[in-house]
Amino acid sequence: MLLHLSDLHFGTEKPECLIAIEKFCQEHQPELIVVSGDLTQRAKFIQFYNCRQFLDSLKIPYIVVPGNHDISLYNLWNRFFSPFARYQFFFGELEPTLQTEHFFIVGVNSIRRRYHTRGYISLEQIQRTNETLKHAPDDKLKLVVLHQPFYTSPDDPHGIKDCPVLGRMALENWSRSGLFGVLHGHLHKTAVYNLTQIYDLKIDHPVYDIHAGTATSYRLHKGLPNSFNTISNDGLIQHFWFDERTKSFVLHN
């Protein structure tokens, strides 16, 4: 099982959600954890430190990518000259890969100073990620993780302004290399879309756009609860929502 967390926003975290995630990991022992950005609220040193301490405490292999909140908003010097310095001090690579028994994960950094909310994927990133996917073992679920989604529903007020530049080009390339799905956060709500149908991709298998809500922050979307996703070894995607009564994450049907 893969545990997909997003938008932890340390600095606005809820202790009861952190405890519930720890309990979930102890009971279910995920094979790995994927965090799709926004580890912090304001890219402060202490927020990165606390996030790293929490993830390490789970004692499960994990892979993270930055979100738009993980570069400084108000410190203009840091924002323009060393936007990822604090992130990299604690988490190293901006575009890591992780391979486990059943999963192959490729991280992509979609965060840019000029595209703070929307994000951007370069031609170089598209090609490099495509080559990595091509050479990944075919017996593993191939997933790409980045912060912004590739699709939002027509009634979503965020709309295309929160989908990264060159996202569709990236998708058309990666989908031909055995991609199973793309893991996102950013919008603080759960959703799964079949991108093969939506974008009429010329392939014979579905590619899923998998959105996670905020796992731990009190910055919730329109009253939705804290949540996270799981993906089973055979590709079953499930959502778990935080139950205030039991202080635990429970399966949401």
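**View 1. R168 and E172 pair up within helix α6 of this predicted model**. R168 is partly exposed, at a relative accessible area of 43% (buried is under 20%, exposed is over 50% and partly exposed sits in between, using a 1.4 Å probe and protein chains only). E172 is partly exposed as well, with 30% relative accessibility. The two form a salt bridge whose closest N and O atoms are 3.1 Å apart (the rule asks for a side-chain nitrogen of Lys or Arg within 4 Å of a carboxyl oxygen of Asp or Glu). Both sit in α6, residues 167-174, four residues apart, or about one turn of the helix. Helices (H or I, at least four residues) and strands (E, at least two) are DSSP runs, numbered from the N terminus.

**View 2. K14, E244 and K247 belong to one network**. They are joined by salt bridges that share partners. For E244 and K14, the closest N and O atoms are 3.5 Å apart. E244 is in the loop between β11 and β12 (248-252), while K14 is in the loop between β1 and α1 (15-28), so this pair ties together parts that lie 230 residues apart in sequence. K14 counts as buried at 11% relative accessibility, whereas E244 is partly exposed at 42%.

View 3. R52 is partly exposed, with a relative accessible area of 29%, and so is D56, with 32%. The salt-bridge count comes to nine by this rule.

**View 4. Strand β10 is largely enclosed by the rest of the structure**. Five of the five residues in β10 (residues 227-231) are buried. One side carries S227, N229 and I231, the other F228 and T230, and all of them are buried, which leaves both faces covered.

**View 5. β10 pairs with β1 and with β11**. Two strands count as paired if DSSP finds at least two bridges between them. β1 (residues 2-5) runs antiparallel to β10, joined by three bridges; L2 has I231 as its bridge partner. Five bridges link β10 to β11 (residues 237-243), also antiparallel, with S227 partnered by W241. In the hairpin of β10 and β11, five residues lie between the strands, and G235 takes a positive phi near 95°.

**Notes.** Residues are numbered from 1 along each chain as its sequence is written, and side-chain values use heavy atoms, leaving out hydrogens and water. Because the model is predicted, local features need pLDDT of at least 70 and side-chain atom pairs count only at pLDDT 80 or more, while totals for chains, interfaces and linings use all residues.
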